[in-house]
Every structure is written in C-alpha cells, then in structure tokens.
Amino acid sequence: MALKDFKGNENIVERMIRSVRNRSISHAYLLEGDRSVDKLGLAESFVKAILCKEGNGDCCDSCTTCRKISHGNHEDLIYLEADGSSIKDEAIEELQGRIKKKPYDGERNIVILKDADTMTLRAQNRLLKTLEEPTPGTVIILLSENTENLAQTILSRCVIFKLKTFETQEYKNVLEGAILIAGMLLEGRPFYEISGKLSEFTANRNLAHELLDAMETWYRDLAIYRYDSKLQLIVHKDKMDEIRDKSRLCPASLVEKAVGALEEARSDLNRNLNVSYTLKNMILKITL
Ligand SMILES: [Zn+2]
C-alpha cells in the first residue's frame, strides 16, 4: 500500500511524505498506537516511500523495490521482534552487526523493530548507543503499543508518531477541545480565555500531543475544504457543515501559521519543555 492510501492519521502520513520529499529522513522513528492501528503496515509503506526511486514523497508501489518490500524479501529491510516475551540484549547486538554492513541495494539499511516496548533494559541501553551514534543512512523504526516501558533517553532520540484510533471517546473529547480552541483563535478571543481552555490539556505530555494532532487535523480539514472539490481527503466528514462555515472565515495565512506553530510545539514537547508553557507559547505564535 502507498502512504496516501492509508485511512486515518492523515497528518502523520503527510508528515512522512513531506520528510521523504524534503529528504529529511531521521535516523530513528517511533510509531506508537494500540493494537487496532496497523503500525506495521504504515511502517512498511514509509520504508517503501524512503527506498522507492520512482515516487515523489510517496512510493510507486509497483517497482522492484516496492514489490520486494511487499513480499517481505527486501535485502536491506531488517525485521526484529520479541523472542518469547521480550527483545533481548543479544538480538540488539546482532542487529548492530547487521547494520554496520553496507546495504545491498541502495544507500540505506532500514530496521523495523516490532514490539519495541518489550526490549529489556539492557537491550534498550545497547540500542541507545546506536541511536546516539547512528550509522549513516540507517533508519530504525520502532513500533510500540505503550511507550511507558521505553527509556526517556530512547524516546528523546526518536521522531515520535502517535497513531490515533479515531473512534474513541477520549479522542472525541480532545477533538472537541481542539475545535473550540481553533474557533476562539479565529474569533480573536483574549489570550486568558484561550489559555483557560488550554489548561484542560496540560495534565500530561500525551494529552498535549493529542491536542496538537487534533488541531492539526482540524486546520488541515479547513484548508482542504477550499480546494478539494470532492472532499475525499477531509478527515472529519461528520462535521462537514462546521468545516464549511469555519473554512470560509479562516484565511489560508492563519492555517499556515497555525500548522507551523503546532509543529514547533510538538518538537518542544519532545524536547521535554514544560507542557503548559509550550501550549501557551504556541497560541501566542498563532495570534501574533
Ligand atoms: Zn516503487
């Protein structure tokens, strides 16, 4: 499957495509999401997009490289998963040996590390060395259901993609908050009012990340409404009336500014900056 064919998590898919197109591939990614999200499928499509020479950001899904990945026999794509209940130190040691070797086909060795949260502490410490001094060209994609078991030092060296299941009540609540905040920004409401609403999302870093993702998806829908006449790419199709109304009022420059501020806030959160400070700072950047 190509990246663009993924349903849901459009903002993450877009970020992946953008990074391939801009050739700004990081050496480590973490895809986090529960069992209902196809993390492996998304990771494989991302690998295709990175290695495919025919695509522009996304993969062609039909060249030799893409087909080899679909069939699970690409020489430079290495899979690692739990042996029993965990990924052990020895497995990471073996992996390190593998990625030191020159890739067969192109310039990159890519690793998909399934069940990353089952790594033993020793395995994590060993992997950390690779993340700290990455072999040029190597990309490691960690898949995880729950990052609580992963050391902060590992997390801080990965680009983190938190994948959503859209149906959960929790997501609906976050989305409602995001829409409200975006609406307040649009109406030019005073900072203290907006930051009052924001404070509902500063309890922990995860929640703040979810708010950023929801806001980005919302702004994206407002932008898409303008130029996608078939409206196929709209994520929140159940809110079409609201999207139409808000899209008319929301200038493209505001969407652009907001998406930029959201990206910066996301990276601030990943750098462990204070959650409340980060979110307020983001609001200021959008309103300036
Ligand atoms: Zn291809």
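The legends below describe several views of one predicted protein model.

Residues are counted from 1 along each chain in the order in which its sequence is written. Because the model is predicted, local features require pLDDT of at least 70 and side-chain atom pairs count only at pLDDT 80 or more, whereas totals for chains, interfaces and linings use all residues.

Figure 1. Helices (H or I, at least four residues) and strands (E, at least two) are DSSP runs, numbered from the N terminus. Along the principal axes, the C-alpha atoms fill a box of roughly 55 × 40 × 30 Å. Of the 288 residues, 38% are buried. A residue is termed buried if 20 or more other C-beta atoms lie within 10 Å of its own, exposed if 12 or fewer, and partly exposed in between, with C-beta atoms placed from the backbone. Among contacts with a separation of 6 or more, 73% link residues 24 or more positions apart; two residues are in contact if their C-beta atoms, placed from the backbone, lie within 7 Å.

**Figure 2. The open sheet, with its five strands in the order S2-S3-S4-S1-S5.** The pairing is parallel, and two strands pair if DSSP finds at least two bridges between them. Strand S2 (77–80) and strand S5 (159–162) are the edge strands, each pairing on one side only. From one strand to the next, the twist averages 15°. Axes are lines fitted to C-alpha atoms, for helices over the stretch in contact, and angles run from 0 to 180 degrees between N-to-C directions. Helix H2 (residues 39–51) packs on the sheet, where it touches strand S1 (28–32), S2, S3 and strand S4 (139–144). The direction of H2 makes about 165° with that of S4.

**Figure 3. Bridges between strands of the sheet.** Strands of a sheet pair through backbone hydrogen bonds, either parallel or antiparallel. S2 and strand S3 (residues 110–113) run parallel and are joined by four bridges; Leu 77 has Ile 110 of S3 as its bridge partner. Four bridges also pair S3 with S4 in the parallel sense, and the partner of Val 111 in S4 is Ile 140. Between S1 and S4, which run parallel, there are five bridges. Leu 30 has Leu 142 of S4 as its bridge partner.

**Figure 4. The enclosed strand S4.** Six of the six residues of S4 are buried, so this strand is largely enclosed by the rest of the structure. Val 139, Ile 141 and Leu 143 point one way from S4, while Ile 140, Leu 142 and Ser 144 point the other way.

**Figure 5. Asp 61 and Asp 115, two loop residues.** Asp 61 is found in the loop between H2 and helix H3 (64–70). Although Asp 61 is not a glycine, its phi is positive, at about 65°. Asp 61 counts as buried because it has 20 C-beta neighbours inside 10 Å. Asp 115 lies in the loop between S3 and H5, and its phi is also positive, near 50°, in a residue other than glycine. Asp 115 has 17 C-beta neighbours inside 10 Å and therefore counts as partly exposed.

Figure 6. Leu 131 counts as partly exposed because it has 17 C-beta neighbours inside 10 Å. Leaving aside neighbours within four places in sequence, Leu 131 is in contact with Ala 28, Ile 154 and Arg 157. Leu 131 and Asp 115 are 16 residues apart along the chain, and their C-alpha atoms are separated by 17 Å.

**Figure 7. Domain 1 (3–162) and domain 2 (169–287).** The domain bounds come from an automatic or database domain assignment. The C-alpha centres of the two domains lie 28 Å apart. Five residues from domain 1 and seven residues from domain 2 take part in the contact. On the side of domain 1 that touches domain 2, helix H1 (10–21) and S5 each supply at least two residues. The residues of this side of domain 1 divide into one nonpolar, two polar and two charged. Here Ala, Val, Leu, Ile, Met, Phe, Trp, Tyr, Cys and Pro count as nonpolar, Asp, Glu, Lys and Arg as charged, and the others, Gly among them, as polar.
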